[in-house]
Amino acid sequence: MAPPEDLRTTSLLLTFYTVPRVAQELLSDGGGPFGFDITTALQIDQLVDAYACDGIVETGCCLGDTTEYLARRYPHLPVRTCDVNPQHAEFTQRRLRSRENVTVKVGDSGELLPQLLEGFKKPLVYLDAHGNPEWPLRDELAAIERGIVAIDDFDIGHPRFSYDHYDGVVCGPDLVARALPELTELFVGNPYGGYPVPCLQTGRRSGTGYLTRSLTVSPMARSQRFIRVPLRPEVIMPPWEIFGPRRRRESEPQGAMT
């Protein structure tokens, strides 16, 4: 008989790789759950299990690739999502109309989050509403009082992983440090964290940042899939160079050196 962990991984893989990449034409990574990055799915799965999450909230559902994965992977949990684009929200709602655990709202995620989070004590909150100039991340972070927060398109300081930026503001640890002055640390996903399968995404990969609100960080601190990033007295990024030579980041312009 296969160990429980092997069965859990097999179930995750079957779900992940059978979700249609409907947003392929819209997104630079070609769509798919978590930008078709299996390591992010494995990180999220570990957190949902370790924290015994009682719900999942997603912001920025686009056409529902990640939403469908979450709904199928965690059928026992409520999955609530939203998008500021009415067409995207309507499409996702129709796409997942047979999934009774899914709720789709349309509107600004910063304003909707209190409603989406209502009733949850340990939600996994996946923030991916980064597609418009009206960048809601600060408002989103301020609205989350309790839960495990995952921020997509996050600067982890690794040359392979790109990130979002708007008006010169980078989606990364410095932004979080300013938005949440009481927070002393966060974590980033470790691409070298001992995963049972390789990532098949050969295109754009983006980093993911993780933090907790009113919950312990112990599950992340004990896992090799997450690396601690101190925020005080200053941000200290992981020393990725110990894993190999530094290359140009995908988010950097051609010819730029760091």
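This is a predicted model: local features need pLDDT of at least 70, side-chain atom pairs count only at pLDDT 80 or more; totals for chains, interfaces and linings use all residues.
**Figure 1**
Helices (H or I, at least four residues) and strands (E, at least two) are DSSP runs, numbered from the N terminus. The C-alpha atoms fill a box of roughly 50 × 50 × 40 Å along the principal axes. The radius of gyration is 17 Å, which agrees with the value near 18 Å that a compact globule of 258 residues would have; this radius is taken over C-alpha atoms, and the globule rule is 2.2 Å times the number of residues to the power 0.38. Of the 258 residues, 55% count as buried. Here buried means under 20% relative accessible area, exposed over 50%, and partly exposed in between (1.4 Å probe, protein chains only). Among contacts (heavy atoms within 4.5 Å) between residues at least 6 apart in sequence, 72% join residues at least 24 apart.

**Figure 2. The surface and charges of the protein chain.**
The accessible surface comes to about 12,200 Å², and 51% of this area belongs to carbon and sulfur atoms. Accessible areas come from the Shrake-Rupley method with a 1.4 Å probe; for residues, only the protein chains shown count as cover. The chain carries 27 positive and 34 negative side chains, and the centres of the two sets lie 4 Å apart. Lys and Arg count as positive and Asp and Glu as negative, while His and the chain ends are not counted. Each charge is placed at NZ of Lys, CZ of Arg, CG of Asp or CD of Glu.

**Figure 3. An edge-to-face pair, phenylalanine 16 and tyrosine 69.**
A pair of aromatic rings is described by the distance of the centres and the angle of the planes. Rings of Phe, Tyr and Trp (its six-membered ring) pair if their centres lie within 6.5 Å; planes under 30 degrees apart count as stacked, over 60 as edge-to-face and the rest as tilted. The whole structure holds nine aromatic pairs. In the one shown here, phenylalanine 16 and tyrosine 69 lie 5.9 Å centre to centre, with 80° between the planes. The pair links distant parts of the chain, with phenylalanine 16 in helix α1 (residues 4-16) and tyrosine 69 in helix α3 (residues 65-73), 53 residues apart. Both phenylalanine 16 and tyrosine 69 are buried.

**Figure 4. A tilted pair, tyrosine 192 and tryptophan 240.**
The two ring centres of tyrosine 192 and tryptophan 240 are 6.2 Å apart, with 50° between the planes. Tyrosine 192 sits in the loop between β9 (185-189) and β10 (205-213) and tryptophan 240 in the segment after β11, so the pair ties together parts that are 48 residues apart in sequence. Tyrosine 192 counts as partly exposed because its relative accessibility is 38%, whereas tryptophan 240 counts as buried at 4%.

Leaving aside residues up to four places away in sequence, threonine 40 touches Phe34, Thr208 and Tyr210.

**Figure 5. Backbone details at alanine 52, cysteine 62 and proline 233.**
Most residues other than glycine have a negative phi, and most peptide bonds are trans. Alanine 52 has a positive phi, near 50°, and lies in the loop between α2 and β1 (55-59). With a relative accessible area of 44%, alanine 52 is partly exposed. Cysteine 62, in the loop between β1 and α3, has a positive phi of about 55° and counts as buried at 14% relative accessibility. The peptide bond from arginine 232 to proline 233 is cis, with omega near 0°, and proline 233 is in the segment after β11.

How values were computed:
Residues are numbered from 1 along each chain as its sequence is written. Side-chain values use heavy atoms; hydrogens and water are left out.
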